[in-house]
There are 4 protein chains.
Amino acid sequence: MSRDRMEAFSDGVLAIVITIMVLKLKPPESISFSALKNNFPTFLAYVLSYLYVGIYWANHHHLIYMLESVSGRLLWKNLHWIFWMSLIPTGTEWLGLNPLKELPTLLYGIILFMCAISYNMLQREVIKISGQNSAIANSIGRDIKGKTSIICYGISIISSFFLPILSYIIYFVIALMWVVPDTRIEKANREI
Amino acid sequence: MSRDRMEAFSDGVLAIVITIMVLKLKPPESISFSALKNNFPTFLAYVLSYLYVGIYWANHHHLIYMLESVSGRLLWKNLHWIFWMSLIPTGTEWLGLNPLKELPTLLYGIILFMCAISYNMLQREVIKISGQNSAIANSIGRDIKGKTSIICYGISIISSFFLPILSYIIYFVIALMWVVPDTRIEKANREI
Amino acid sequence: MSRDRMEAFSDGVLAIVITIMVLKLKPPESISFSALKNNFPTFLAYVLSYLYVGIYWANHHHLIYMLESVSGRLLWKNLHWIFWMSLIPTGTEWLGLNPLKELPTLLYGIILFMCAISYNMLQREVIKISGQNSAIANSIGRDIKGKTSIICYGISIISSFFLPILSYIIYFVIALMWVVPDTRIEKANREI
Amino acid sequence: MSRDRMEAFSDGVLAIVITIMVLKLKPPESISFSALKNNFPTFLAYVLSYLYVGIYWANHHHLIYMLESVSGRLLWKNLHWIFWMSLIPTGTEWLGLNPLKELPTLLYGIILFMCAISYNMLQREVIKISGQNSAIANSIGRDIKGKTSIICYGISIISSFFLPILSYIIYFVIALMWVVPDTRIEKANREI
C-alpha cells in the first residue's frame, strides 16, 4: 500500500516534469522556416531531457517494483532524488535558449550529476532494506553503468568550461547507454 | 502491477497535455465581443486537440486493458508515443495563433502523423506480446481505421502547403471518425 | 478496474485545473498593501472556483463510487464534462482581472452552466447503466438541487448583462448550497 | 477504496504544487555568474517550500494510512488543507523575488500558519473518526510538535514586520524539525 503511494507521487512529479518542459517549448515567433529553425536547439534539449526522465522513470519502476514496505528514510531519499529531477526543466530551458554556451551547459551537467548521485543514494537505501542477498541487490550488482555515468557527468562538468560540445556528446551518449532498460533487474524480476 | 503503473504514468501525462492546452487558452485581451471573437480560432484548435487526446486516451485504455505484463520494450514504445502526444499543446498553440497559415498547419499535421505512427508501433508491440490469436489481436484486426487515418494525415500534410482549410477539414473528419470508441475492442473485452 | 482508470484520469484533470488557477495567481506587482489589495478580486475568484471544483470533485466521487463497469459512452460523457471543467481556469482569470464587468461575468456563468448541464448528462448515463431502481438512482432522486442550480446559472447569465454583482451573489450562494456534500448519496452508500 | 481516491487527489495536487514552484524557477536572464547569483534567493525559497511540501506529504501519508473510510466532512477538511497548500507557490514566488522584504515574508508566514491550522483540523477529524483510543490518536498524542510549529509561525508573522531575517530562520528551523518523519506514528503503524 505504502509503496503504491510513493510510486504514485513519483510518477506524478515525473509526468509533470516532462510536461513542464513541453510548456516551455514555445511556438516559433513568426511563421517561417527560419523561425522554426531557431526553435531547434530548444527542441533538441527537450528530446535529451525527455530521454533522461524516461530512463529514470523506467529504472525507478524496476527499482521500486520488488519493495515490500517503505520506511521514512526511503521516503526522504526518494524526495531528495525528485528534488534534483524537478530542476531538469529549468536547466533544459536555459540550455535550449543558449546552445553551446558554457554556464548553461555546466548547470545542466550539475543537475544530471546530482540526479545520478541522489538516485544512487536511493538505490543503496533500497538494497539496505531488501538485504545484501536480495534479488534487487544481486540484479544491481556493482552498478558499473551507474558509476560510469556519474564519472562521465563529472567529466562533462569540467569540459563545459572548455568545450561545451563535448559535454553535449557525453549527455547524449550516456542517455543512449541507458535507453536499453536495466535488463539485469528485469531478468531478476522475471526469475522471481 | 506493472501495467497499472504504465497506465498511471500515461494518464498523468495525457491529463497534463489537456490542461497545458487550457493554460495556453489566454483570456481575451480586452472586454469586448470582438476580443472574444479573436480568441475563437484558439478555442477551436483547443476543441480539436481535446478530441484527439480524448480519442487516444480512450483507445489506449482499451489497448492496455487486456495486457497481463509489461516488458521494457513496451515501456519505451509507450514513452515514444507519449513523446509525440506531448508535442500537441505547442502545435495547438501555434495553430490557434495563426489560423489558416501553411506552416502551423503543416507542423500540426506532422505531430498528428507521428502520434498515429507511434501508436501503431505500440499497438504492434502489444499484439506481439499477447499473441496473434489473442483477443486484442483479433479485435484490432487489420486496423483499417488506423491505417486510413495515417494516410489521411499524409494527405493533410501535403494539402497544408496549398490549401490549409482542407487539412483542417481532414483533421476534424478523422477526429469525428474516432470519437465513436473502438467498438471492436470493446466487444472483444466483453466476451472475455 | 476500468472505473479506477476513469477516476484517476478525472482526478488528474481536476487536480490540475485547481493548480492552473494557482499558477495564474500572480504575486503582487510591488511590495505594498495596495498592490496586495489589487490582487484581492483575483484571489476571490480563485476561492469561488476552488469551491466549485471541490464540490464537483466530491460529488463525482459519490456518483462514480457505486459503478461496477464503464462503457464507451460513459467515458465520453465524462470527457465532455471534463472539457467544460477545463475551461474554468481561463474564465476565472478573466473574472479576476476584470471584476464587476459584464462580459467576463457572462462567460463565467456560461462555463458554470455548461459544467452543470454536462454533469447532469453524465449523471443520467450513470443511472441508465445502474438501473432506475439502483441505490445511486434513488439517492439522486429528482435531483432538485442540480436542476435548481442550472436554472440559477441561467438567471445569472441574464443578470450579468444588467447587474453583474447579482450574478456574483448567485455564484456564491449556489456554491455554499453544495458545499454540504450530497448527503443523500452518501447515506445510500452507507446502507449498501 | 474511498480513501485511495482522496489520497490520489491529494498527491496529485501536492505533486503539482511542487512543480508549479519549479515552473516559476525562471532560468537566469543572462549567461553570467552574477545572473545565476540573482536567482539564488528564488532557489532558496524553492528549497524551503519543497521541504514543507515534502514534510506535509510524508505526514499526510502517515495520517491517512490507517483510515478505513472517508466521510464527507473529512473530504472537505482535506480540501480546506489543500487550499492553503495551493497558495504556497505564489507565496514562494513573491518571497524569492523580494528577499528580506516585510510584506512577502508576512504573506509567506500567514500561508504556513494557515496550512498548519488546517492540517491540525484535518488531524482532529481523523482522530474523531478513528476514536480517542485508536493507534493513530495515540501516536499523535498531544501533538506538541504541531502546536509548537503553529506558535512559531505566529511569532514569525510578528517578526516579519521588524526583522524578516528572524522569520526566515524560524521557517527553516521548523522545517528541519519536521524533516525527521513523524516517528511516533511510524512506530504505531509498525506495531499494527
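**Stop 1**

Select Ile64(A): with 20 other C-beta atoms within 10 Å, Ile64(A) is buried. Here, buried means that 20 or more other C-beta atoms lie within 10 Å of a residue's own, exposed means 12 or fewer, and partly exposed is in between, with C-beta atoms placed from the backbone.

A quick note before moving on: this is a predicted model, where local features need pLDDT of at least 70, side-chain atom pairs count only at pLDDT 80 or more, and totals for chains, interfaces and linings use all residues. Residues are numbered from 1 along each chain as its sequence is written, while chains are lettered from A and ligands numbered from 1 in the order in which they are written.

Now colour helix H3 of chain A, residues 40-65, and you'll find Ile64(A) in it. Helices (H or I, at least four residues) and strands (E, at least two) are DSSP runs, numbered from the N terminus.

Which residues does Ile64(A) touch, not counting those up to four places away in sequence? Show Arg3(A) and Glu7(A): those are the ones. A contact means that the C-beta atoms of two residues, placed from the backbone, lie within 7 Å. Glu7(A) is 57 residues away from Ile64(A) along the chain, yet their C-alpha atoms are separated by 7.7 Å.

**Stop 2: the whole of chain A**

Zoom out to chain A and you'll see 10 helices and zero strands. Its C-alpha trace spans about 55 × 35 × 30 Å along the principal axes. Of its 192 residues, 47% are buried. Take the contacts in chain A with a separation of 6 or more: 80% of them join residues 24 or more positions apart.

**Stop 3: a helix in chain B**

Hop over to chain B and select helix H5, residues 88-97. Nine of its 10 residues are buried, so the helix is largely enclosed by the rest of the structure. Among the buried ones are Pro89(B), Trp94(B) and Leu95(B).

**Stop 4: chains B and C**

Finally, show chains B and C together. A rotation of 90° with 0.0 Å of shift along its axis superposes chain C on chain B, with an RMSD of 0.0 Å. That is how a four-fold axis relates copies. Click on Gly12(C): its C-alpha is the one in chain C nearest the axis, 4.6 Å from it. Superposing here is by least squares on the C-alpha atoms of residues with pLDDT of at least 70 in both copies.
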